[in-house]
Amino acid sequence: MIDWLISGDRPRSVALGAVLLGILFSLAFAPFLFPGVRALDTAATILIFIVLVASYDLLLGYSGIVSFAHTMFFGLGAYGVALASIHMGPGWDALIVGALAGALSATVLAYAIGLFSLRVRAIFFAMITLAVASAVAVLVSQLFQLTGGEDGLTYRIPRALTPANRVGELFGVRINGRILAYYLLFFSCTALFLLLLRIVNSPFGRVLQSIRENDFRSEAIGYRVVAYRTAATCLSAAMAALAGSLYAIWLRYVGPDTTLSFEIMIDVLLMVVIGGMGTMYGAVIGATIFVLAQNYLQNLMGAASDATSALPLIPDLINPDRWLLWLGVLFVLSVYFFPTGIVGRLRAGR
Amino acid sequence: MSDAPEHSPTFARVSLARRLDRAAPYLLVPVLVLLGYMAIGVPSSWLTLTVSGLAMGMMIFIMASGLTLVFGLMDIINFGHGAFISIGAFMGVSVLFWLPGWTQAASLPLNVAAISLAILAAMLLTGAVSWVFERVIVRPVYGSHLKQILITVGALIVLEELIVVVWGGEEIFLSRPEMLQGAITFADAALERYRILAVVVGLLIFAALRLVLQRTKIGLIVRAGVQNGEMVEALGYRLKLVFIGVFVAGSALAGLGGVMWALYEQVITAGMGEGMMILIFIVVIIGGLGSVEGAFIGALLVGLLQNYVAFLEPKLALVSNIALMTAILMWRPQGMMPVMKGH
């Protein structure tokens, strides 16, 4: 049963399996284990980023394609839900229509970009996605009548998912709509993740891996490399859009900073690399570690910066605002020394 | 003995269509200028826009030329190129702030000398940084595009953040040297002085690059290396050494472009290079990766189109470049003037 659920792709390492089970357990019972608004928020962010990072890994790790437009697709899904909720009024139908519209438009856009860039050289793809993503970000901030510009949009979602909906008490924790929303996220994200696991372990996923290893040879064997790469791009874009829709449901707000910014793209890249490229489980570990570090480590850096304020330069370097500097260093080092990430390390150390 | 068979070799004339096909990219710029004239209709605004478009294109070309050569020569794609633009801009502006007497004097030679010094300092610093960059960041990932992209993006972030550590995170405003402020009026059109200077500098750089690439031995080796690196190495040239030279020179040009761009925008931020990279990538792609002439034409097209569209329909300015790229890739999937690879 479990083997069927995870498509036969076992962790293949006791330590890795234990870590994954720990993360699954913590996320499944997060409202009961870690009470408090902030902890729940962190857990929800981890869930969404697991799907986002896993969908990116389908592209980067399994197909060997670098895209900088992944947050654009993420944002498309989020704005889809936001716009549908505003124009159709709060309701389940709006959420479904918004999510589907977001996923569909992401797929179409990914197909168009793929058609232009993947046809010639895969390397064009990285540059063209960067250009298109920045153009979309500019468009979103300029078309403020539609998108709310830099301020973003706030909207209402069905009342059943808001804190106002009190259901009762369980194990001493008040169950309200927020917790129901969390479980909606939990089950959706789990389903999406398992679907991704199914995709990469299917014959289709094998072909993607063979293209990553040697595209010339795959073409010679008879697979249409362009078609497979484009399909991977579209799938990953649709998944990212669905993750964006879930994020929009959770936050009840969308704005360029939370969904479209280049910084999120960097975060996603880092999560994939730290967790381990080419393994779906890497997405789980990378996203969990990264989101936890982002939410809690920055406070630590602030404290360290204050403590060393007498020294020259050092407080500037470990100022929480320089968070990105250390991320960059970590990123470069992990590409050099841990190209297989944490998952690769754990599997090798078996 | 019989006579040799009748034999009269002839040169087949290149057909008009083929010649047009080859010259088409060169014709695009005048065609675009003409289209702009028809769309705008007012000669004076058209002239102003054309000059500012050319100025912008020249500056983009200066920044893009290094990137395209580096790619052509060593098949290395450097996403960190934008950081050199920012570093150059910050260094150059620091020098300009350092010489208030020269920049505020109402004398053109002193002003130009100040800018030249700023450019020199910027080029020296970016050259030095890029030399280290090549050794530490790029050298270990030769041959793997995926890793190159990841590593250089990481390095871009680190360099940008280091700029913030050294120069602070605030945006810095500056004003152009005294004699380069304001505009001159020519045929009812207001032409900013600085833009004319930018066009002149851009043309000089392009001419110098052409001269080095076409007329010197180093240029010959570089061009041969772009076409078939293995063969050049087999002939005994140390292509790695040439490559480092091209990398440093290309990055120094990015620094030069950074100073020019800083004086053009009159404000600098650590993220400015990253923003420019988007235009630079578009230019390099539509020009054909590895082609300096292609990058030149591409940069002029992007600059002109952006200015025309910003005048006619401001909201479409950035999207216009994407549209241009799409159109050109539909016409020539490898870019306008792809480099013939000999292997």
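What is the handedness of the crossing of H3(B) and H6(B)? In this predicted model, the crossing of these two helices is left-handed. Helix H3 of chain B spans residues 81–98 and helix H6 of chain B spans residues 145–167; they pack at an angle of about 15°, and their axes are 9 Å apart. Because angles under 35 degrees count as roughly parallel, H3(B) is roughly parallel to H6(B). On the side of H3(B), the contact is formed by Gly82(B), Ala83(B), Ser86(B), Ile87(B) and Phe90(B), while H6(B) supplies Leu156(B), Leu159(B), Glu160(B), Ile163(B) and Trp167(B). By residue class, this contact comprises 7 nonpolar, 2 polar and 1 charged.

Helix H6 of chain B also contains Ala155(B). This residue counts as buried because it has 22 C-beta neighbours inside 10 Å. Residues up to four places away in sequence aside, Ala155(B) touches Gly80(B), Phe133(B) and Ile137(B), as well as Val332(A). His81(B) stands 74 residues from Ala155(B) along the chain, yet their C-alpha atoms are separated by 9.7 Å.

Chain B contributes 28 residues to the contact, and chain A contributes 34 residues. In chain B, the elements giving two or more residues to the side that touches chain A are H6, helix H11 (272–287) and helix H13 (317–331). Of these, H6(B) gives the most, with 12 residues. The side of chain B that touches chain A is made up of 20 nonpolar, 5 polar and 3 charged residues.

Two further helix pairs may be followed, one in each chain. In chain A, helix H6 (residues 92–117) packs with helix H12 (residues 225–251) at an angle of about 150°, their axes being 8 Å apart. H6(A) and H12(A) are therefore roughly antiparallel to each other, and their crossing is right-handed. Among the residues of H6(A) that meet H12(A) are Gly98(A), Ala99(A), Gly102(A), Ala103(A) and Ala106(A); those on the side of H12(A) include Thr233(A), Ala237(A), Ala241(A) and Gly244(A), together with Arg229(A). The contact divides into 14 nonpolar, 8 polar and 1 charged.

In chain B, the axes of helix H5 (residues 108–138) and helix H10 (residues 239–265) come within 7 Å and cross at roughly 140°. This angle makes H5(B) oblique to H10(B), since the roughly antiparallel class is kept for angles over 145 degrees. The crossing of H5(B) and H10(B) is right-handed. Residues of H5(B) in this contact include Ala118(B), Ala122(B), Thr126(B) and Glu134(B), and those of H10(B) include Phe247(B), Ser251(B), Gly255(B) and Val259(B). Here the division is 13 nonpolar, 6 polar and 1 charged.

Neighbours within four places in sequence aside, Val53(A) is in contact with Val268(A), Met271(A), Val272(A), Ala283(A), Gly286(A) and Ala287(A).

Terms used: Residues numbered from 1 in each chain as written. Chains lettered and ligands numbered in written order. Predicted model: local features only at pLDDT ≥ 70, side-chain atom pairs only at ≥ 80, totals over all residues. Axes fitted to C-alpha atoms, helices over the stretch in contact; angles between N-to-C directions. Helix = DSSP H or I, 4+ residues; strand = E, 2+ residues; numbered from the N terminus. Parallel < 35°, antiparallel > 145°, perpendicular 65-115°, else oblique. Left-handed = near helix turned anticlockwise from the far one by under 90°. Contact = placed C-beta atoms within 7 Å. Nonpolar A, V, L, I, M, F, W, Y, C, P; charged D, E, K, R; others polar. Buried ≥ 20, exposed ≤ 12 C-beta atoms within 10 Å, placed from the backbone.
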